[in-house]
Amino acid sequence: LILLIYLFNFKNFDIIETISETHDTTWHPVAGEFEKVRDYCNKLIVQLKETSGLQRRIDIEFRVYDEGFAFRYLFPKQDKLNGKEITRENTEFRFAKNF
């Protein structure tokens with residue numbers, strides 16, 4: 001999983017820590033055919049810090065399930081980041097073959 005971070009364009013950030021764990025919980029949907037749903041995955045959080053300027057922090061959480069893969073950006077509370085506005089999001093996936 002750690003190799004996944006290099007797929008992202010974070011040229012001005014250093015990895016300061018990685019945290020890996022197994023996530024295993026259940027939740028109860030409001031509607032649907034199941035009374036409860038198991039949320040089971042392996043999780044990796046990569047903590048990044050800007051190498052210059054304001055030295056802001058951003059974490060990326062990766063989750064790998066039997067059925068697929070997910071990630072999200074997390075912005076830890078910090079003095080140098082009072083608010084955030086995402087003006088665009090350029091994530092794309094390029095597969096070597098037509099899967």
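This is a predicted model: local features need pLDDT of at least 70, side-chain atom pairs count only at pLDDT 80 or more; totals for chains, interfaces and linings use all residues.
Figure 1. Strands of a sheet pair through backbone hydrogen bonds, which may be in a parallel or an antiparallel arrangement.

**Figure 2. The pairing of β1 with β2.** These strands run antiparallel and are joined by 14 bridges. E17 stands opposite Q47, a residue of β2.

**Figure 3. The surroundings of E50.** E50 belongs to strand β2, which covers residues 37-50. The relative accessibility of E50 is 13%, so E50 counts as buried. Leaving aside residues up to four places away in sequence, E50 touches N12, F13, Q55 and R56. A polar atom of the E50 side chain lies 3.4 Å from the backbone nitrogen of Q55. The side chain of E50 also makes a polar contact of 2.8 Å with the side chain of R56.

**Figure 4. The salt bridge between E50 and R56.** Side chains of opposite charge can pair when their charged atoms come close. The side chains of E50 and R56 meet in a salt bridge with an N to O distance of 2.8 Å. E50 is buried at 13% relative accessibility, whereas R56 counts as partly exposed at 31%. The model has 7 salt bridges by the rule used here.

**Figure 5. The salt bridge between D39 and R63.** The side chains of D39 and R63 meet in a salt bridge of 3.5 Å, N to O. D39 lies in strand β2 and R63 in strand β3 (residues 57-64), so this pair ties together parts that are 24 residues apart in sequence. D39 counts as buried because its relative accessibility is 16%, under the 20% limit for that class. R63 also counts as buried, at 14%.

Figure 6. The side chains of R72 and E61 meet in a salt bridge with 3.1 Å between N and O. The pair links distant parts of the chain, with R72 in strand β4 and E61 in strand β3, 11 residues apart. R72 is partly exposed, with a relative accessible area of 44%, while E61 is buried, with a relative accessible area of 4%. A network of salt bridges links D39, E61, R63 and R72.

Terms used: Residues are numbered from 1 along each chain as its sequence is written. Side-chain values use heavy atoms; hydrogens and water are left out. Helices (H or I, at least four residues) and strands (E, at least two) are DSSP runs, numbered from the N terminus. Buried means under 20% relative accessible area, exposed over 50%, partly exposed in between (1.4 Å probe, protein chains only). A polar contact is a pair of N or O atoms within 3.5 Å; within protein, one must be able to donate a hydrogen and the other to accept it, and residues adjacent in sequence count only if both atoms are side-chain atoms. Contact means heavy atoms within 4.5 Å. Two strands pair if DSSP finds at least two bridges between them. A salt bridge is a side-chain nitrogen of Lys or Arg within 4 Å of a carboxyl oxygen of Asp or Glu.
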